Every structure is written in C-alpha cells, then in structure tokens.
Amino acid sequence: MSLRSLSPLDGRYGDRLKGLSSYFSEWALIKYRLHVEIEWLITMGERPEIGHVRPFTEEETVFLRSLVLEFGDAQAGRIKEIEKETRHDVKAVEYYVREAVAGTSLDDVTESVHFCCTSEDINNLAYALMLRDGVQQEWLPGSQDLISAATALAGETADIPMLSHTHGQSATPTTVGKELAVFVARWRRQLDQVSRSEYLGKFNGAVGNYNAHLVVYPDVPWEAVARHFVEDRLGLTFNPITIQIEPHDYLAELFHRLIRFNTVLLDFDRDMWSYISLGYFRQKVVGAEVGSSVMPHKVNPIDFENSEANVGVSNALLEHLAGKLQVSRQQRDLSDSSALRNVGVAVGHSLLAIHSAIQGMARVEVDLEAVRGDLDGAWEVLSEAVQMVMRKAGHENPYERMKALTRGQAVTQEIMEDLIRDLDLPDEDKLRLLALTPADYVGLAPELARHIAREGEDIGPGEPGGPGGPGGPGDPEGAEGKQGSPDADEEGA
C-alpha cells in the first residue's frame with residue numbers, strides 16, 4: 001500500500017482487493033490484449049484458407065503462448081516504453097509481439113501480427129475477457145460469501161421474535177432470521193442473473209464490415225472465422241453486426257444487474273444499522289479498537305456504514321457507465337475508451353462493500369433482552385389478531401373498535417387480556433387469544449427463515465468458472481491473496 005495512491009482501492013483498501021488487480025489493472029489490460037493478439041495469430045495459422053500464414057509447429061505455438069503465460073512487470077514495462085514512441089497502446093502490443101518473434105523461427109510471420117485487425121477488435125475482446133474473468137473469479141465468490149454469511153445468520157436467528165417497524169412505528173412481530181432471509185432471497189435472484197450474463201465480442205474490422213478482409217481473401221468465410229475465434233477460441237459470445245466498436249449493450253445489462261445487487265446490499269446495510277441503533281443487535285467489542293476519539297463508550301457500526309458508502313460509489317460509476325457506453329457517435333468516437341478504464345473501479349467498490357458487510361455480520365449478535373423488552377412493551381400489536389377473530393365471529397366494525405381502544409395509547413398485557421375477556425367470542429378462540437403474547441405472534445416467520453436457510457445448504461460458495469483459470473489468460477500471478485487484512489475506517493465521534 002502506498003500512502004500516495006490516488007485511489008483508496010489501491011491505497012487504503014489495497015490489501016482487501018489484491019485479486020482484482022489481476023483483471024482490472026492496466027497491467028491486466030495489456031496482458032489481455034496480448035492474449036488476443038497471440039490467439040489470433042495462432043488461429044490464422046490453423047486456417048488453410050488464410051494462405052500467407054503457415055501452420056505453426058507445436059514448439060512455436062508453445063512459444064507464442066509463453067509470451068502470455070510468462071508475462072510480468074518487465075514485459076508490461078517494455079510495452080509501455082513502446083507506447084511512449086507510438087502514442088498508441090494497442091499498436092504497442094502489436095510491436096511487442098513483432099519484436100518477440102523477430103529472429104526466431106517465426107520471423108517469417110512478423111507482418112501477420114494484427115492482420116486485418118482494428119484496435120477495437122483487440123480492445124473489445126480484452127475488456128470482455130477482463131470483465132468475465134474478474135466478475136467470475138472475484139466478484140461472484142465474494143457475493144456468494146455475503147449470501148452464505150447472511151444465510152447462516154438467518155438460520156441461527158430464525159426463532160428469535162422481534163418487533164417489526166413499519167413507517168418507523170411498532171408493527172406485527174416477526175423473527176430476526178426471517179427479516180434476514182428476505183435479503184438472502186433477493187440477493188440470490190440478482191446473483192443468478194449476474195452469473196448468467198453474456199460477454200460479447202466482435203472481430204470484424206474498421207467499421208464492422210470485413211472490408212479489408214474481403215479484399216485480401218475474397219473467398220474466406222470471414223464471419224464464420226470471426227465467430228469461431230470469438231466463441232471457440234476465447235469463450236465469448238459473438239456479436240455479428242456492429243460499428244467499429246462492439247456497442248456495449250451487454251455491458252449495460254451487466255452493470256444494471258450489479259446495481260440491483262448493490263442496491264439490495266444498501267437496503268441491508270441501512271436495516272442492520274437501524275437494528276444496531278435500536279439495540280436489537282450488539283456489536284462484539286475488540287479490545288484495542290477505538291470507537292470515538294472522544295467518547296470511550298462507543299462501538300460504532302462502521303462496517304455497514306463503509307459498505308453503504310462504497311455501494312454508493314459503485315452504483316454511481318455503474319450507472320454512468322451503463323448510460324455512457326451504449327452511445328457512440330456514428331461509427332465510433334473515443335469517449336468510451338477512458339470510461340472503460342473505470343469498470344474495475346466500479347466492480348472494486350462493489351466488492352469492497354460486500355467485504356465490509358460480511359465483516360459487519362461477523363461482529364454482531366442479537367441482544368435477546370432488548371428484543372424481548374420491546375415486544376413486552378407492545379401488546380397493542382395483538383389488536384390485529386383480535387379484530388380478525390372478531391370479524392370471524394361476525395362482530396360489527398371490529399377494526400374501528402380496536403382502533404379506538406389501542407391507537408396512540410399504551411396497551412399493557414392486563415388491558416389487552418381484559419378486553420379479550422369482555423368480547424363475545426367462542427371459547428376456543430378466546431382461549432387462543434388469551435394465550436397469545438407479542439413474542440408468540442410471529443406467524444410462519446421461523447419456518448420461512450429456515451426454508452431459506454435450508455436452500456442455502458445446497459449452494460456452497462460460488463464456483464468461479466470461465467476460460468483462463470483464476471487469473472484469466474495465463475493465470476496472472478496476482479490471483480492469490482484475495483482479501484488480506486481488512487482496514488477499519490474511522491468510526492467518527
């Protein structure tokens with residue numbers, strides 16, 4: 001971590017997001033571009049109809065792929081040196097490959113590097129691979145860990161009754177676990193949509209028409225060649241009709257899915273903050289930590305506050321990118337280029353929010369005395385049940401009668417029981433109401449919570465997938481050490 005880092009993702013939170021640098025750093029972008037260039041060269045050697053590129057020996061293919069497998073800081077540095085001369089980042093990768101094969105047995109195919117490619121043919125595929133691998137290898141496992149933590153907490157607290165609050169007022173009781181299970185179910189739905197996202201790629205030249213391709217090889221089925229390269233070689237989904245750039249609609253779709261997942265997390269963070277404020281959850285005390293610089297008693301809900309803050313940053317970026325990237329003037333303008341460099345920042349803040357929420361959950365436990373105390377002081381919530389039994393018995397205006405007796409008034413156990421005894425109800429119903437307490441009046445909440453928790457038992461932490469392994473093409477070395485030691489932010493006064 002450098003204290004001079006401009007972004008907190010690389011500075012303060014760098015240890016928590018190490019894994020993302022293998023997918024979203026400039027180093028990673030260069031490597032993914034190199035991967036695309038190399039695989040296209042190898043693909044051409046496998047296509048007899050592209051006659052000027054001869055088939056490669058097994059040793060030559062291994063050598064070419066080693067340029068990606070053994071890619072490191074020195075190689076990235078060399079490409080950046082070339083870029084200083086060319087002032088073009090993709091062309092620098094092309095020149096690097098030409099430089100690497102010069103003087104080898106592949107010297108005769110030097111001019112075939114980047115053949116019939118526009119820069120965007122390389123870039124759009126590199127970004128699609130980056131996002132696919134970064135989301136599948138880092139974000140999805142992190143989000144599954146979040147869901148698993150919430151599922152476990154929901155199962156542990158499924159039977160603990162809790163007073164609900166609608167409009168900030170006391171309402172029909174529930175259980176702690178059932179309220180957590182609601183978030184689990186919402187997250188699972190959004191996660192399923194993210195996991196099924198398509199990652200599109202195009203490979204059709206300067207403005208999407210295979211213009212140069214058709215001039216040099218009129219009889220080659222170029223669309224079939226491009227589809228094979230994008231789908232079979234790189235594992236992406238082929239987009240057959242584009243302008244110079246892949247139109248980025250799939251990126252907007254992915255980003256909106258991430259936004260929805262994030263927004264459920266925002267809702268969760270604020271509810272957890274509120275429950276801590278009400279005293280329903282207490283936070284485990286860590287001896288050396290400081291809650292406030294002046295008030296020694298404080299243990300602040302900083303993990304949920306940090307999560308909320310990072311959700312906001314992530315969603316702001318994702319919303320901008322989703323709207324910006326779908327728009328390009330005529331056949332191409334360059335405004336998407338700088339915007340795309342921030343996709344890793346958007347994903348990074350989302351993953352940081354996820355990690356913070358997981359950490360927050362690990363530090364809370366239900367204060368049974370507090371939740372029971374609130375329930376014991378809210379006998380008025382049974383008025384719902386009483387008026388429903390009165391309706392069943394045929395009483396006139398039971399809602400209005402209960403409203404007059406309970407609305408805005410303190411209702412004790414004795415008052416509620418006296419009211420029930422005076423009602424003309426069947427003995428069975430009256431006895432059932434007299435036996436009811438706010439803590440018992442939770443409906444199917446425990447069963448609902450346990451149902452969600454049981455579903456989670458068969459859904460372990462996410463199994464990251466996708467070609468290229470944990471670190472994308474060539475398994476970048478940075479895939480190890482995903483979280484590191486979390487930094488605590490200031491808790492404030």
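**Basis of the model**

In this report, a contact means heavy atoms within 4.5 Å. The structure is a predicted model, in which local features need pLDDT of at least 70 and side-chain atom pairs count only at pLDDT 80 or more, while totals for chains, interfaces and linings use all residues. Residues are numbered from 1 along each chain as its sequence is written, and side-chain values use heavy atoms, with hydrogens and water left out.

The pLDDT is the predictor's confidence in each residue, from 0 to 100. Its mean for the protein chain is 90, and 89% of the residues reach 70 or more. Over residues 459–471 the pLDDT is below 50, and this stretch has 33 contacts in the model beyond near neighbours in sequence. The value also stays under 50 over residues 292–298, where the model has 7 contacts beyond four places in sequence. Where pLDDT is low, the predicted coordinates should not be read in detail.

Helices (H or I, at least four residues) and strands (E, at least two) are DSSP runs, numbered from the N terminus. Lys178 has its place in helix α7, residues 176–195. Apart from neighbours within four places in sequence, Lys178 is in contact with Ala445, Leu448 and Ala449. The C-alpha atoms of Lys178 and Thr157 are separated by 8.0 Å, with the two residues 21 apart along the chain. On the accessibility scale, buried means under 20% relative accessible area, exposed over 50%, and partly exposed in between (1.4 Å probe, protein chains only). Lys178, at 25%, is partly exposed.

Two strands pair if DSSP finds at least two bridges between them. Met162 stands opposite Thr174 in β2. The two strands form a hairpin with 2 residues between them, and His167 in the turn has a positive phi of about 60°.

**Nonpolar cores**

A nonpolar core is a set of buried Ala, Val, Leu, Ile, Met, Phe, Trp, Tyr and Cys residues joined through side-chain atoms within 4.5 Å. The largest has 124 residues, and Trp40, Trp139 and Phe268 are among those with the most contacts inside it. Helix α6 (residues 119–156) supplies the largest share of this core, 16 residues. A second, separate core of 16 residues includes Trp379, Val386, Val389 and Leu425.

**Salt bridges**

Side chains of opposite charge can pair when their charged atoms come close. A salt bridge is a side-chain nitrogen of Lys or Arg within 4 Å of a carboxyl oxygen of Asp or Glu, and the structure holds 36 of them. One joins Glu455 and Arg188 at 3.0 Å, N to O. Because Glu455 lies in helix α19 (residues 445–457) and Arg188 in helix α7, the pair ties together parts that are 267 residues apart in sequence. Glu455 is partly exposed at 36%, whereas Arg188 is buried at 16%.

Another salt bridge links Lys91 with Glu94, whose closest N and O atoms are 2.7 Å apart. Both residues lie in helix α5 (residues 89–101), 3 residues apart, about one turn of the helix. Lys91 is partly exposed at 30%, but Glu94 is buried at 5%.

**Cysteines**

A disulfide is a pair of cysteine sulfur atoms within 2.5 Å, and by this rule the count is 0. The sulfur of Cys116 is 7.4 Å from the closest cysteine sulfur, in Cys117, which is too far for a bond. Cys116 is buried at 16%, and Cys117 is buried at 14%.
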